[in-house]
Amino acid sequence: LSIATIVSYRKHLARWATLIGKRPLATISVSEIEDALTRLLKGATAHKKLSASTGRLSRTILRTAFEAARKRKLRADNPVADTTAPSSARVRKAVKPYTDAEVTRLMAAAKGGLFHGIEAALTVLLSTGIRRGELLGLKWSDLDAEAGTLAINRTVIPDEDGSPLIRENEAK
C-alpha cells in the first residue's frame, strides 16, 4: 500500500476507535457500528461530518479490519458485514470556476502578501489546475521552459501528525 493509503486507513480507524471506544472486539455490536456511522454521516460527533462516499469507504476499512480479526479467531463474526452501507446516491455539486473579477481580486490580495512566492504559486494553480499537493511537490527541475511543460513527479500529503509526506512518481 502507498503511504497515503496507510495514512488514510489509520485516520479512518482512529475515528472509529474514538466513536466505539477501545475495548475487546467481541463486545462491539452491529447496532453500535450502525449508530456510530449514522452519527458520522449526520455530523453528530466531534469529527467532521462525512459524505456518503467517505462513510462507505470508512465502513469498508472497518469491515476489512473486523474480517481480519475474524480470520485470526479474535472474533466469531464480522459485525460490520451485517450493517447497511450509506446510500450510493450521489449529489454532485456543480463546479463553479472563479470569474475574471474573482481572480483579479485574489491576485491583488496576494500581491505583497505575507508569504514570499504566493503570487507565483497562485498563478500556477489557476493556470494549470494542478492539485495543492502537486504544487507543493514541484521542483525547478520539473519545469521545461523551452517546451512550455511542467512535469508532476511528486505530491506532498499530510501525515497523521500533519507533517509532510512526499510521494514520488505517484501523482494522479
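Author: Axes are lines fitted to C-alpha atoms, for helices over the stretch in contact, and angles run from 0 to 180 degrees between N-to-C directions. Helices (H or I, at least four residues) and strands (E, at least two) are DSSP runs, numbered from the N terminus. This is a predicted model, in which local features need pLDDT of at least 70 and side-chain atom pairs pLDDT 80 or more, while totals for chains, interfaces and linings use all residues. Residues are numbered from 1 along each chain, and side-chain values use heavy atoms, without hydrogens and water.

Reader: At what angle do the axes of helix 1 and helix 3 cross?

Author: Two packed helices are described by the angle between their axes and the distance between the axes. Here the axes of helix 1 (residues 3-20) and helix 3 come within 10 Å and cross at roughly 85°. The two helices are therefore roughly perpendicular (65 to 115 degrees).

Reader: How do helix 2 and helix 3 cross?

Author: The axes of helix 2 (residues 30-42) and helix 3 (residues 52-71) come within 10 Å, crossing at roughly 155°. This pair is therefore roughly antiparallel (over 145 degrees). In contact (heavy atoms within 4.5 Å) are I33, L37 and L41 of helix 2 with A52, G55, R59, L62 and F66 of helix 3.

Reader: Which side chains of strand 4 are buried?

Author: In a regular strand the side chains alternate between the two faces of the sheet. In strand 4 (residues 164-168), L165 and R167 point to one face and are buried (under 20% relative accessible area, 1.4 Å probe, protein chains only).

Terms used: Angles under 35 degrees count as roughly parallel, over 145 as roughly antiparallel, 65 to 115 as roughly perpendicular and the rest as oblique. Buried means under 20% relative accessible area, exposed over 50%, partly exposed in between (1.4 Å probe, protein chains only).
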